[in-house]
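Hi everyone, thanks for making time.

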Amino acid sequence: MSARRSLVWLGLTPEPEQELPAAVAALRSQAAGRPPSALVAAERRRVERLVLRGTQRGWLRYLREVTDLVVRAAGSRTTDPKAAQLAGEVVLDHHRMLIGLPGSGYDRTALQRHELERALTRLRERPEPALVALSEPWSTV
């Protein structure tokens, strides 16, 4: 291997850079509704720094953090399941694509892939919030 760092990991897919900042901000804030824009901007800057100046090892550490957030959200009734599902699907797709790259990235993310698959199953099976039902049908009289 040359003294230059490998950049091959940057060619996988742009989805994590595009999709993760808002979803991760929502998971970190654990507030109902949209996450604060400052939190989304901070997450976007972090991802940008990792992509522009980071290494594959640093990027995979970040995706480990995201995996942990998704797994926690799958076991919680208060976290936004849509944000967790989006983040989980993006990271799982990314980790599956690592099989085509040289190095041990695919093997190193095997446990995360398993955790994400289980978490996504739980999130998909989570019942939608029930609509308030009327006790009596509307009368037309």
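An axis here is a line fitted to C-alpha atoms, for helices over the stretch in contact, and the angle, from 0 to 180 degrees, is taken between N-to-C directions. In general, two packed helices are described by the angle between their axes and the distance between the axes.

Some ground rules before more detail. This is a predicted model, where local features need pLDDT of at least 70 and side-chain atom pairs count only at pLDDT 80 or more, while totals for chains, interfaces and linings use all residues. Residues are numbered from 1 along each chain as its sequence is written, and side-chain values use heavy atoms, with hydrogens and water left out.

Back to our pair. The crossing of α2 and α3 is left-handed, meaning that the near helix is turned anticlockwise from the far one by less than a right angle; clockwise would be right-handed.

Now zoom out. The protein has six helices and zero strands. Of the 141 residues, 37% are buried, where buried is under 20% relative accessible area, exposed is over 50%, and partly exposed is in between, using a 1.4 Å probe and protein chains only. Among contacts with a separation of 6 or more, 70% are between residues 24 or more positions apart.

Next pair: α1 (residues 15–29) and α4. Their axes come within 9 Å and cross at roughly 145°, and this crossing is left-handed too. The contact includes Glu19, Ala23, Ala26 and Leu27 from α1, with Ala83, Leu86 and Val90 among the residues from α4.

Find Ala83 in α4. Is Ala83 buried or exposed? Buried, with a relative accessible area of 7%. Leaving out residues up to four places away in sequence, Ala83 touches Ala23, Ala26 and Leu27. Ala83 and Ala23 are 60 residues apart in sequence, but their C-alpha atoms are 4.8 Å apart in space.

On the α1 side, look at Glu19. Glu19 is partly exposed, at 32% relative accessible area, and beyond its neighbours within four places it contacts Leu86 and Val90.

Last stop is α6, residues 110–125. This helix has 16 residues and reaches 23 Å from first C-alpha to last, close to the 22 Å expected, which is 1.5 Å times one less than its number of residues. Its buried residues are Gln112, Arg113, Leu116, Ala119, Leu120 and Leu123. Why do they sit on the same side of α6? Because they cover an arc of only 135° around the axis, going by the directions from the helix axis to the C-beta atoms. They pack against α3, α4 and α5, while the face turned away carries the exposed Leu111, Arg118 and Glu125.

How values were computed
Helices (H or I, at least four residues) and strands (E, at least two) are DSSP runs, numbered from the N terminus. Contact means heavy atoms within 4.5 Å.
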